[in-house]
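Colleague: I want to know what stands behind the labels in this model. Take me through them one at a time.

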Amino acid sequence: MRRSVTLFTGLLVLASLGWLTGCDTFDSNPSEVEDFDIQENMNTPTGRTVTPDLSPQFSVNYQGLAASPTASSPSDVLAIDTVSTQGDATRGGERRWRLSLTTDNIDQVLAQASVLIEGRTTGGRTITDTLAVSATTTLQVQRDFTSSFAVVADYEGDVTASTYGGNDPATEAYEGSQRTIQTSGGTSTTLVNQSFSQSTNQPGGSNGVRYLEIEGSSSGSTTIQRWMSVSNADIFTFLVRPASSSFILTISFTEETENGPETYELDLPIPAGGGWLKIGVPFEFFEGFNPVAARAGGNGPLTSIDLSADRDVTYAIDELVFGKQGVGGRAEFHDFERTTLAYGPPFCTGNSYGFAMGTDSVSTASDGLTSRRLSGQDCFGYNYGRLYVDVDGSDVLSFRAKGSTDTAGEDVVEVFVQTGGAGGFGGTVSRVAPDGNWKTFEVPISQLGDDPSALLDPGINNIGFNADGTFLLDDVKIMPKE
């Protein structure tokens with residue numbers, strides 16, 4: 001079954017998509033040369049979207065007017081403020097306004113409103129244009145953002161001997177990467193910054209350095225496959241770098257339910273040019289959307305996200321994350337980052353490693369299918385070129401662990417974070433994994449170091465563990481405390 005939501009009337013149109021000419025006619029023939037040079041008109045952009053975080057501006061160019069035009073709206077949710085006026089009303093000028101919301105709560109998911117632009121010509125006639133406005137307190141759009149969430153390791157992709165310190169993934173039954181990217185219809189993708197170096201084109205608020213550039217075609221799509229259960233989420237967020245021209249981005253989510261696949265679609269008009277945007281789409285946009293596995297009491301897991309454009313454009317995406325409104329990220333669908341080294345042997349030789357799948361191998365609350373199996377007494381961990389997270393001392397390093405009933409004594413896990421010496425990080429915090437049961441541990445950032453700002457600048461280069469015992473490990477993340 002397929003369900004669709006289309007957001008009309010210039011959603012996300014933060015830059016002009018074209019001009020409309022004022023609706024006027026000339027009642028008499030021009031009698032002087034000057035009449036040909038100065039035509040009475042106004043040029044108005046087609047639309048804007050206003051959210052609590054976005055107060056967009058728009059400008060109107062005009063000529064042949066007796067005075068600068070005015071802007072008004074019959075809607076009680078919009079406020080209009082004049083920003084600037086330049087030039088001459090008769091020979092050519094520009095007036096700029098700013099739109100903002102007068103309320104923090106709009107009952108409709110997407111309310112449609114209008115702004116009337118009205119000018120009086122030198123001949124005494126009134127001409128008007130209309131700016132279409134979409135107002136929402138549901139959809140979230142941000143230009144300035146930082147990330148407070150990053151997945152260190154969830155074992156749902158990139159599981160190969162080379163990326164896991166020479167450890168053979170075949171030591172346990174494992175079906176392979178749970179994150180795959182496929183294209184169709186002439187669409188192609190490029191993983192940017194594969195060398196893990198920072199790029200000037202990388203979003204400044206991203207948690208890493210890599211992102212996916214998509215050379216889209218109107219007849220094709222990009223499909224990212226990943227089995228995922230998100231039991232503690234109510235919003236989907238992602239980063240998008242617009243193309244050089246505006247386009248409609250269609251995002252399709254597919255759940256695998258007991259009655260078969262269920263697909264939910266959303267059409268998002270994306271503006272031309274400009275910097276990266278962070279877009280948040282609450283689940284209420286989709287009636288019945290519940291990407292939670294049956295093991296956790298849901299309809300069924302999410303299995304893929306498909307992205308397609310309505311024209312041939314090149315754009316980019318990053319940080320496809322499911323989270324909780326007002327809190328932050330909870331599970332990562334894909335952020336295109338990967339560890340530069342998941343170390344164990346030969347650097348640490350006292351542990352044996354593997355991967356585990358199956359009912360008893362993951363927590364019911366886990367967002368994936370696979371956990372890491374460790375046994376012995378030594379270190380392991382994950383190097384990164386850098387991870388960048390904007391957190392405070394009460395935010396947490398979270399992981400799940402399950403101890404073994406077959407070993408004597410406690411199964412102890414020590415964890416530490418390194419930032420290249422900044423912020424007082426590097427000390428270990430110890431936790432005991434309960435025998436035979438999964439437990440989620442949340443270690444406050446304040447217990448791992450002195451200055452949480454070091455996790456954003458210079459950033460994290462290593463998250464390490466010391467193991468003493470036999471246990472399963474899963475869902476290692478840095479995230480906001482709920």
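Colleague: Why is Asp 367 called buried?

Modeller: This is a predicted model, where local features need pLDDT of at least 70, side-chain atom pairs count only at pLDDT 80 or more, and totals for chains, interfaces and linings use all residues. Residues are numbered from 1 along each chain as its sequence is written, and side-chain values use heavy atoms, with hydrogens and water left out. Buried means under 20% relative accessible area, exposed over 50%, partly exposed in between (1.4 Å probe, protein chains only). Asp 367 has a relative accessible area of 3%, so Asp 367 is buried.

Colleague: What makes Lys 477 and Asp 367 a salt bridge?

Modeller: The rule asks for a side-chain nitrogen of Lys or Arg within 4 Å of a carboxyl oxygen of Asp or Glu. For Lys 477 and Asp 367, the closest N and O atoms are 3.0 Å apart. Lys 477 sits in strand S31 and Asp 367 in the loop between strand S25 (351–357) and strand S26 (370–387), so the pair ties together parts 110 residues apart in sequence. Strands here are DSSP runs (E, at least two residues), numbered from the N terminus. Lys 477 counts as buried too, at 5% relative accessibility.

Colleague: Which residues does the network of salt bridges with shared partners join?

Modeller: Asp 154, Arg 179, Arg 226, Glu 332, Asp 367 and Lys 477 form one network. Arg 179 and Glu 332 meet at 3.1 Å, N to O. Arg 179 lies in the loop between S12 and S13, and Glu 332 in strand S23 (residues 328–334), so this pair ties together parts 153 residues apart in sequence. Asp 154 and Arg 226 pass the rule at 3.3 Å. Both Asp 154 and Arg 226 are buried.

Colleague: Why is Glu 332 called buried?

Modeller: Its relative accessible area is 6%, so Glu 332 falls in the buried class. Arg 179 has 12% and is also buried.

Colleague: Why is Asn 466 called partly exposed?

Modeller: Asn 466 has a relative accessible area of 25%, so the label is partly exposed. Asn 466 is found in strand S31 (residues 460–479). Leaving aside neighbours within four places in sequence, contacts of Asn 466 include Asp 378, Val 412 and Thr 428. Contact means heavy atoms within 4.5 Å.

Colleague: How do you know that a polar atom of the Asn 207 side chain meets the backbone oxygen of Phe 149?

Modeller: A polar contact is a pair of N or O atoms within 3.5 Å; within protein, one must be able to donate a hydrogen and the other to accept it, and residues adjacent in sequence count only if both atoms are side-chain atoms. The distance between the Asn 207 side-chain polar atom and the Phe 149 backbone oxygen is 2.9 Å. Asn 207 itself is buried, at 2% relative accessible area.

Colleague: How do you know that S18 and S19 pair?

Modeller: Two strands pair if DSSP finds at least two bridges between them. S18 and strand S19 (residues 260–270) have 11 and run antiparallel. Phe 253 has Tyr 264 in S19 as its bridge partner. S18 also pairs with strand S21 (residues 302–309), antiparallel, over seven bridges.

Colleague: What makes S18 largely enclosed by the rest of the structure?

Modeller: Nine of the 11 residues of strand S18 (residues 247–257) are buried, so S18 is largely enclosed.

Conventions: Helix = DSSP H or I, 4+ residues; strand = E, 2+ residues; numbered from the N terminus.
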